Amino acid sequence: MSHPLSQTTATTAKPEAYYDDLLDADSGQPEVISLNDVSFGYSRKKLVIKDLNLSIRRGEIVTLLGPSGCGKSTVLNLIAGFYAPLVGTVTHCGEVVKSPSARRGMIFQSNALFDWMTVEQNIAFGFRFQALSKYEKQQRVKAIIQLVGLEGSDRKYPYELSGGMRQRVAVARSMVVQPEILLMDEPFAAVDVQTREGLQEELLKLHQQVSGAILFVSHSIEEAVFLSDRIIILDRNLGGIIHDIPIHLSEPRYVAMNRVSDAFNQYRTELYVKMKAIS
Amino acid sequence: MQINLPRKVNTVVPLSGPDLQTQALREKAIVFGVAIAIPSLILILWEITTRQGWVDELFLPSLSGIVTEFFAMVRKGYSGTPLSVHVFASLKRVFTAFSIGTVVGLLLGLLMGYYKYVRAAFYVVTELLRPIPPLAFITLFILWFGIGETSKVLIILYAGALIVMLNTISGVQSCPKDKILAARTLGANDMAIFLYVILPAALPNIFTGMRVALSVDFGILVAAELLAGNQGIGYIIHDASTFFNVEGLFVGILMIGFFGVVSDVLLRFIARRVVHWQG
């Protein structure tokens with residue numbers, strides 16, 4: 001399927017052959033991100049993560065769950081390249097991550113929009129650093145504005161938008177440059193329940209069309225079950241990954257009725273019990 | 001089974017009392033009224049007490065006497081020099097010093113805010129200079145730059161530049177970290193982050209610094225014009241004081257106040273347009 005945001009070849013997209021060496025034996029999908037025996041602490045005396053191994057495959061949505069302080073956000077920061085591990089390596093398609101890159105997008109809880117730019121300028125920000133024609137940039141911005149339902153708001157400034165709309169702009173801004181993985185640090189935690197559910201459904205719809213992987217950090221079991229192909233539970237006190245649970249809900253995933261299905265409730269109960277055991 | 005449905009509740013609220021918009025307008029009108037009424041009352045009391053001879057004219061001249069003195073200055077000038085020349089001389093000094101001081105303060109502040117090594121290099125000097133009133137340097141400036149125009153402009157420039165610099169440093173440092181990180185994950189390099197993220201984020205602080213600097217510059221102007229020279233509003237204040245021309249003294253003081261307020265209103269107008277997202 002051709003990418004909905006690009007009529008021409010995206011500069012960041014890798015050719016299929018590039019992934020061949022990285023194909024995962026289980027899923028048939030290449031590994032995009034891999035953490036190999038990673039240990040990290042903001043000081044050497046106090047580690048936050050110890051000997052962590054994790055792999056994210058192309059196109060999958062993985063959610064990290066776990067108690068506060070277990071290192072969920074730190075994993076995202078390491079993958080983004082904001083910090084370097086004290087021990088071990090973080091690799092992206094086989095290359096060691098050394099610094100942030102447009103190939104790994106990040107969405108923060110605070111949305112981190114540029115208040116001095118319009119919605120359109122915010123979304124187009126990443127294009128300043130890509131060699132694309134002006135026409136193509138405009139087309140891709142236009143396409144993503146439509147995809148996230150921001151038509152009519154493109155000339156507005158972030159302060160003129162609701163919390164949910166601001167978060168939509170943040171998602172669009174990160175997705176328009178087509179990162180191979182999108183890192184989302186509790187992006188919907190600051191909005192009301194109804195808006196959050198709407199945003200979750202939109203994210204899944206977007207993900208169907210934009211094929212990158214998503215690594216999501218959440219405190220909500222419901223959010224994790226609804227969004228994820230796989231849920232990883234991190235233990236407190238440097239315990240690392242204690243559960244890696246694949247989630248199989250009916251397709252298309254974004255259908256709201258998934259939230260009340262038997263399968264959904266079973267996963268929720270299972271996760272609740274597992275989370276309770278470590279809290 | 002009969003289900004008892006709740007009785008339909010009449011949701012129409014009788015309209016009584018002002019709505020929020022009317023209330024807000026009324027409050028605005030009261031605030032405006034108070035802002036006009038109190039100074040008017042002070043001016044009336046001033047005129048009555050001086051006309052009735054309750055206060056010696058040597059300490060407080062009548063308002064009408066000050067107005068008469070002002071128009072006499074407009075007609076005949078002061079000390080043989082037209083009033084417009086005095087005003088122009090002062091405004092030229094203050095705006096030359098303010099413009100250059102803003103550029104210098106801005107550049108130093110940006111460098112010190114962004115580069116920690118530059119900040120470290122100037123830290124001790126800045127912290128030493130911060131509490132020293134600029135007027136303490138006035139004799140040194142005369143010694144170094146002579147008693148002419150240069151030392152006058154430089155002392156005003158120094159006072160303003162220091163304030164703009166300190167505010168710029170704080171503006172650069174207050175740029176939210178997640179905005180910088182978001183820009184990095186969108187492919188921005190250091191220069192792009194500085195231009196498109198840090199500089200705009202620092203603008204509110206920079207404008208606050210400029211407004212404070214401008215008002216301080218007017219204060220320093222009066223002191224600087226006490227030095228040798230025979231032109232400027234500060235000169236009028238100094239000369240009128242020497243000869244106990246209290247009306248002339250008040251004309252000078254009120255002119256400084258007037259030009260200070262007008263330039264601040266102008267700067268605030270520009271700030272509102274440039275930093276529109278601050279509301």
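A nonpolar core is a set of buried Ala, Val, Leu, Ile, Met, Phe, Trp, Tyr and Cys residues joined through C-beta atoms within 7 Å. A residue is buried if 20 or more other C-beta atoms lie within 10 Å of its own, exposed if 12 or fewer, and partly exposed in between; C-beta atoms are placed from the backbone. This is a predicted model: local features need pLDDT of at least 70, side-chain atom pairs count only at pLDDT 80 or more, and totals for chains, interfaces and linings use all residues. Residues are numbered from 1 along each chain as its sequence is written, while chains are lettered from A and ligands numbered from 1 in the order in which they are written.

**Figure 1. The nonpolar cores.**
The largest nonpolar core has 117 residues. Those with the most contacts inside it are Ile79(A), Ile123(A), Ile144(A), Ala172(A), Leu183(A), Leu215(A) and Ile156(B). Helix H6 of chain B, residues 149-173, gives the most to this core, with 14 residues. Helices (H or I, at least four residues) and strands (E, at least two) are DSSP runs, numbered from the N terminus. Another core lies apart from the largest one and has twelve residues, among them Ile66(B), Tyr235(B), Ile236(B) and Leu249(B).

**Figure 2. Around Leu183(A).**
Two residues are in contact if their C-beta atoms, placed from the backbone, lie within 7 Å. Which residues does Leu183(A) contact, leaving aside its neighbours within four places in sequence? They are Leu76(A), Ile79(A), Ala80(A), Arg104(A), Gly105(A), Met106(A) and Leu215(A).

**Figure 3. An open sheet in chain A.**
Chain A has eight helices and ten strands. Four of the strands form an open sheet in the order E2-E1-E4-E5, and the pairing is antiparallel. Two strands pair if DSSP finds at least two bridges between them. Strand E2 (49-57) and strand E5 (95-96) of chain A stand at the edges. Each has a single partner strand, so one side of each is left without a neighbour in the sheet. Helix H2 of chain A, residues 72-80, packs on the sheet and touches strand E1 (31-40), E2 and E4 of chain A. The direction of H2(A) makes about 115° with that of E1(A). For such angles, axes are lines fitted to C-alpha atoms, for helices over the stretch in contact, and angles run from 0 to 180 degrees between N-to-C directions.

Strand E4 of chain A, residues 87-92, and E5(A) pair in the antiparallel sense over two bridges. The bridge partner of Thr91(A) in E5(A) is Val96(A). Cys93(A) is found in the loop between E4 and E5 of chain A. Most residues other than glycine have a negative phi, and most peptide bonds are trans. Cys93(A) has a positive phi of about 50° although it is not a glycine. Is Cys93(A) buried or partly exposed? Cys93(A) is partly exposed, with 18 other C-beta atoms within 10 Å.

A cis peptide bond joins Glu251(A) and Pro252(A), with omega about -5°. Pro252(A) lies in the loop between strand E10 (240-246) and helix H8 (262-278) of chain A. In chain B, Phe244(B) has a positive phi of about 55° although it is not a glycine. The loop that holds Phe244(B) runs between helix H9 (233-242) and helix H10 (246-274) of chain B. Phe244(B) is exposed, with 9 other C-beta atoms within 10 Å.

**Figure 4. Around His86(B).**
His86(B) is found in helix H3 of chain B. With 24 C-beta neighbours inside 10 Å, His86(B) counts as buried. Leaving aside neighbours within four places in sequence, His86(B) contacts Tyr78(B), Thr81(B), Gln231(B), Gly232(B), Ile233(B), Tyr235(B) and Ile236(B). His86(B) and Gly234(B) are 148 residues apart in sequence but 8.8 Å apart in space, C-alpha to C-alpha.

**Figure 5. Where chain B touches chain A.**
The contact takes 14 residues from chain B and 21 residues from chain A. Helix H7 (177-185) and helix H8 (190-224) of chain B each supply at least two residues of the chain B side. H7(B) gives the most to that side, with six residues. The chain B residues there divide into eight nonpolar, three polar and three charged. Here Ala, Val, Leu, Ile, Met, Phe, Trp, Tyr, Cys and Pro count as nonpolar, Asp, Glu, Lys and Arg as charged, and the others, Gly among them, as polar.
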